[in-house]
Amino acid sequence: MAQLSETYACVPSTERGRGILISGDPKSNSILYCNGRSVIIRYLDRPLEVKVYGEHAYPATVARYSPNGEWIASADVSGTVRIWGTHNDFVLKKEFRVLSGRIDDLQWSPDCQRIVASGEGKGTSFVRAFVWDSGSNVGEFDGHSRRVLSCAFKPTRPFRIVTCGEDFLINFYEGPPFKFKQSLRDHSNFVNCVRFSPDGNVFITVSSDKKGLLYDAKTGDKIGELSSEDGHNGSIYAASWSPDSKRVLTVSADKSAKVWEISDDNNGKVVKTLVCPGSGGVEDMLVGCLWQNDHIVTVSLGGTLYLYSASDLDKAPLELSGHMKNINSLAVLKSEPQVILSTSYDGLIVKWVQGVGYSGKLERKAITQIKCFAAVKEEIVSSGFDNKVWRFSLLGDQCGDADSVDIGNQPKDLSLALLSPELALVAIDTGVTLLRGTTVVSTIDLGFTVTACVISPNGNEAIVGGQDGKLHVYSVTGDTLHEQAVLEKHRGPITVIRYSPDVSMVASADTNREAVVWDCASREIKLKNMLYHTARINCLAWSPNSSMIATGSLDTCVIVYEVDKPASDRTTIKGAHLGGVYGLGFTDDDTLVSSGEDACVRVWKVAPQ
């Protein structure tokens with residue numbers, strides 16, 4: 001059996017020039033955010049405990065706990081709202097098609113009976129409120145002409161709903177059934193977020209005109225504003241009230257978060273400005289925030305979550321980060337403690353420490369896209385979508401100087417000789433290129449279309465896989481390759497080839513969902529019928545003692561086989577990663593690390609059967 005022991009979560013999906021509205025549940029101290037089709041539940045006091053809900057058919061945009069903490073309503077870009085339970089496997093209660101376009105915000109009523117959602121729509125329908133279990137409408141919401149970015153439900157009776165959006169308007173509705181009461185035109189740019197204070201007396205709106213305004217929650221009259229002295233210099237994207245309704249947290253494109261004290265005359269003045277510890281680039285613009293219990297959470301455009309303590313604002317924040325885009329490769333470094341490096345195609349390399357989680361991003365001087373990636377203890381080799389192969393030395397959390405070599409063709413696969421890592425074999429369309437350091441030793445035309453390659457740890461043997469499903473074994477002498485044998489079994493193009501750590505076996509996999517283990521000495525098939533995936537195999541990994549082999553596929557599953565047992569005695573991890581598994585590695589003989597399309601990294605305990 002395989003057991004999930006750790007999850008290193010992805011970060012929230014962000015978009016330049018827009019805020020994201022994250023939320024949480026004060027009882028369980030968890031927060032909700034969305035990335036791709038997943039809704040992520042994270043616990044602020046236990047960063048390694050993560051739950052993922054992946055049932056949306058389209059990218060999810062916003063999720064909210066019901067006030068009693070039993071249900072979660074989440075919405076996506078198609079205008080669908082799904083309501084599901086927080087316990088027993090996220091059982092689905094209802095699914096409603098609420099709007100005709102993307103939903104940007106939704107809120108529950110305090111009695112858990114109604115939900116209001118706002119976003120993009122057709123005609124004048126940008127907002128809808130409905131009964132949570134039947135979906136029937138509760139009121140008419142006219143008065144907006146453009147996308148509605150945020151909506152809020154007054155937490156005390158008499159109920160009110162406030163909405164705001166890209167038409168610079170704040171609309172105030174009374175009910176239920178809700179009907180239009182008045183329109184407030186006090187902002188001169190997009191109004192990004194509206195929130196009622198927890199005691200239900202006032203609500204605040206923040207806008208891209210750098211202003212925050214306070215209104216009476218019962219009547220909708222303007223009663224105060226956030227002071228402009230020491231105010232924000234950029235668009236304000238989100239606001240969140242403290243639990244006692246006396247303070248407000250705002251975040252802005254000027255890369256700062258501010259805590260405001262709301263006085264008795266309902267004007268706000270800055271108590272503390274929280275500046276992010278980042279480098280100060282575009283990635284450090286803050287786009288989301290949440291004040292929950294004693295935690296203050298801010299989210300940057302790069303997706304990093306900063307956790308501050310509300311009672312001690314001078315304390316440095318805890319940083320939680322990770323990938324936003326799908327992770328396309330993974331490498332495990334042999335070190336104590338175990339270090340895992342993962343890369344996504346946007347050029348981000350993240351370092352994880354087993355048992356600790358996020359341990360920093362590897363800063364590189366030249367940010368290039370990454371398609372193929374290999375790492376040994378002191379060095380990283382990568383290639384992107386141009387013709388270059390890059391080498392970086394690895395110094396703790398930083399990458400040293402980068403050297404690149406142009407090999408004249410786009411690399412399709414790269415492999416390092418582990419015992420002498422300056423030797424690398426790079427697969428190109430027509431053949432292979434041998435590199436020593438950053439010099440091209442030779443480029444060899446092999447006469448068939450190459451799809452994958454591997455070089456043995458001592459650099460004496462290379463195996464090249466072709467579009468025709470054949471494996472060609474070559475001996476490497478100097479700068480030339482001599483063909484030794486051709487292994488035929490696969491019925492589709494080869495996707496990945498790997499030597500076992502003791503170099504007695506080699507495993508290969510193809511797009512036709514089959515994997516094969518070969519004996520290196522006799523070149524015979526050692527383990528066959530590994531046909532249990534339902535789609536192409538993307539990656540495979542050997543355990544350090546060469547007894548187990550894991551394959552990861554587009555069908556979201558990871559399958560672990562034991563070499564000495566028939567393939568039918570396998571261990572299957574179903575749904576390991578939403579959208580497909582793209583990276584695998586063993587950290588020790590019974591611990592497997594996987595990564596995939598959902599931008600998460602997971603650590604599994606795999607015990608032999």
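R523 is partly exposed, with a relative accessible area of 28%; partly exposed lies between buried, under 20% relative accessible area, and exposed, over 50% (1.4 Å probe, protein chains only). The model is predicted: local features need pLDDT of at least 70, side-chain atom pairs count only at pLDDT 80 or more, and totals for chains, interfaces and linings use all residues. Residues are numbered from 1 along each chain as its sequence is written, and side-chain values use heavy atoms, with hydrogens and water left out.

R523 forms a salt bridge with E461, that is, a side-chain nitrogen of Lys or Arg within 4 Å of a carboxyl oxygen of Asp or Glu. R523 sits in the loop between β47 (515-519) and β48 (525-530) and E461 in strand β42 (residues 461-466), so the pair ties together parts 62 residues apart in sequence. Strands (E, at least two residues) are DSSP runs, numbered from the N terminus, as are helices (H or I, at least four).

The whole structure holds 27 salt bridges, including these:

| Pair | Closest N and O atoms |
|---|---|
| R523 and E461 | 3.1 Å |
| E166 and R18 | 3.1 Å |
| K222 and E225 | 3.6 Å |

E166 lies in the loop between β14 (160-165) and β15 (170-174), and R18 in the loop between β1 (2-8) and β2 (23-25), so their pair links parts 148 residues apart in sequence. E166 is buried at 8% relative accessible area, and R18 is buried at 18%. In the K222 and E225 pair, K222 is partly exposed at 41% relative accessibility and E225 is partly exposed at 33%.
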